[in-house]
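Biologist: I have not worked with this structure before. Could you take me through it?

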Amino acid sequence: MSLAEIPSRLEHALGTAKRGVIVLAVDGLSSDVAKQSWLSASISTLSSTVPTTSATAWLTALTGVPADVHRVPGTVYRNGSGLVHAINGTPAIPDLPTVLERHGATVLARELDLLEGTWAHALLRGCTRIPAPLRHKLAAQAEDPPLLVANVVADLDKAVDQARFLWTYVNIDDHVHRHGYDESVHEAMLRLDAHASRWAAQGWTVVAHSDHGQVAVDPDPDLVEAWDAIVREECVIPSGGAGRTRWLYPKADRLEAVFDRVATTLGSTATVHHATDLGLPQPEAGPVVAVAASPGFPIPDPSVKFEHGGLSRDEIDVPYAVWQAVQ
């Protein structure tokens with residue numbers, strides 16, 4: 001069962017909800033932390049996308065289609081003759097209706113509301129948006145997960161009488177990249193559980209899910225340098241991908257040689273694949289794909305302590321929680 005099932009699940013909830021549906025879209029929460037914290041909910045596990053990254057996963061979760069249909073296979077990928085950053089750039093994205101658009105959702109998009117690229121537009125098109133807090137306030141809340149949850153809850157409490165379908169973005173991903181699933185994340189999710197139970201007692205069906213989990217990383221500096229050398233010497237454009245899944249765009253006559261070189265260079269830190277074997281669309285994704293198999297994998301940002309994008313269970317297992325309305 002995958003994130004692509006979420007639109008149909010939400011439509012079923014809307015069809016049976018007593019008062020309405022509140023959706024908490026929690027970026028970066030692992031399934032294990034959700035099960036430890038959302039004590040009042042009924043929780044199942046879905047599978048994230050390949051790679052396990054927000055750019056791909058949120059589009060799948062809201063449109064119900066995989067990456068080879070929505071054509072956003074990762075954070076950085078080929079778009080035309082060069083690379084595009086899915087979230088900050090303006091990639092061409094097919095015109096796909098979302099469950100939010102179909103049912104006239106009111107959204108508290110928060111950080112997503114500040115993005116001007118085509119990715120955010122594809123997610124939130126046709127929705128009624130509640131304006132986001134100022135950028136510096138969002139940054140301060142991202143540093144303090146309980147404060148973040150307090151502000152999300154306050155904004156939702158102001159909006160519950162205005163709509164039947166509410167969707168809000170809850171960004172703990174930035175904090176987890178720097179600190180992992182520390183005590184503040186657990187406390188924030190416990191508080192979210194308490195408020196979800198309160199809304200359920202008021203007649204709301206509350207749904208919460210994430211897009212991916214994260215794992216601890218410790219990239220090997222020698223492998224980071226070696227990866228960059230392969231890109232310089234063998235490829236026509238820089239590498240793409242997302243975190244712990246990265247791909248290369250080799251020169252036309254060097255594909256198999258690059259495949260072998262990557263496999264030899266990365267050794268036990270990665271598994272190496274042809275993109276089509278992972279269901280990644282071409283030509284967006286490079287044909288040679290390396291997926292992390294250890295913390296030493298050469299991720300694009302070696303400064304982070306936790307990362308995602310790979311296919312370990314901790315990254316790919318996605319919590320889907322429901323607090324049923326009290327009848």
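Modeller: We shall discuss the domains and then the aromatic rings of this predicted model.

Biologist: Into which domains is the chain divided?

Modeller: Domain 1 covers 3-214 + 311-324, and domain 2 covers 218-304. Their centres, taken over C-alpha atoms, are separated by 29 Å. On the contact, domain 1 contributes 18 residues and domain 2 contributes 21 residues.

Biologist: How much area do domain 1 and domain 2 bury between them?

Modeller: About 1500 Å² is buried between domain 1 and domain 2, with 64% of it on carbon and sulfur atoms. On the domain 1 side, the residues that lose the most area to domain 2 are Arg71, Arg78 and Leu83, together 35% of what that side buries.

Biologist: And how many salt bridges are there between domain 1 and domain 2?

Modeller: There are two salt bridges between these domains. Arginine 71 also has a salt bridge through its side chain to that of glutamate 284, at 2.9 Å from N to O.

Biologist: Changing topic, how many aromatic pairs does the structure hold?

Modeller: It holds four aromatic pairs. One of them joins tryptophan 58 and tryptophan 167, whose ring centres are 6.4 Å apart and whose planes are at 85 degrees, so this pair is edge-to-face.

Biologist: Which parts does that pair tie together?

Modeller: Tryptophan 58 belongs to helix α3 and tryptophan 167 to strand β7, so the pair ties together parts 109 residues apart in sequence.

Biologist: Are these two tryptophans buried or exposed?

Modeller: Both tryptophan 58 and tryptophan 167 are buried. Ring pairs also link Trp58, Trp167 and Tyr169 into a cluster.

How values were computed: Residues numbered from 1 in each chain as written. Predicted model: local features only at pLDDT ≥ 70, side-chain atom pairs only at ≥ 80, totals over all residues. Heavy atoms only, no water. Phe/Tyr/Trp six-rings, centres within 6.5 Å; stacked < 30°, edge-to-face > 60°. Helix = DSSP H or I, 4+ residues; strand = E, 2+ residues; numbered from the N terminus. Buried < 20%, exposed > 50% of the residue type's maximum accessible area, 1.4 Å probe, protein only. Domains from an automatic or database assignment. Contact = heavy atoms within 4.5 Å. Buried area = accessible area lost by both parts, 1.4 Å probe. Salt bridge = Lys/Arg side-chain N within 4 Å of Asp/Glu carboxyl O.
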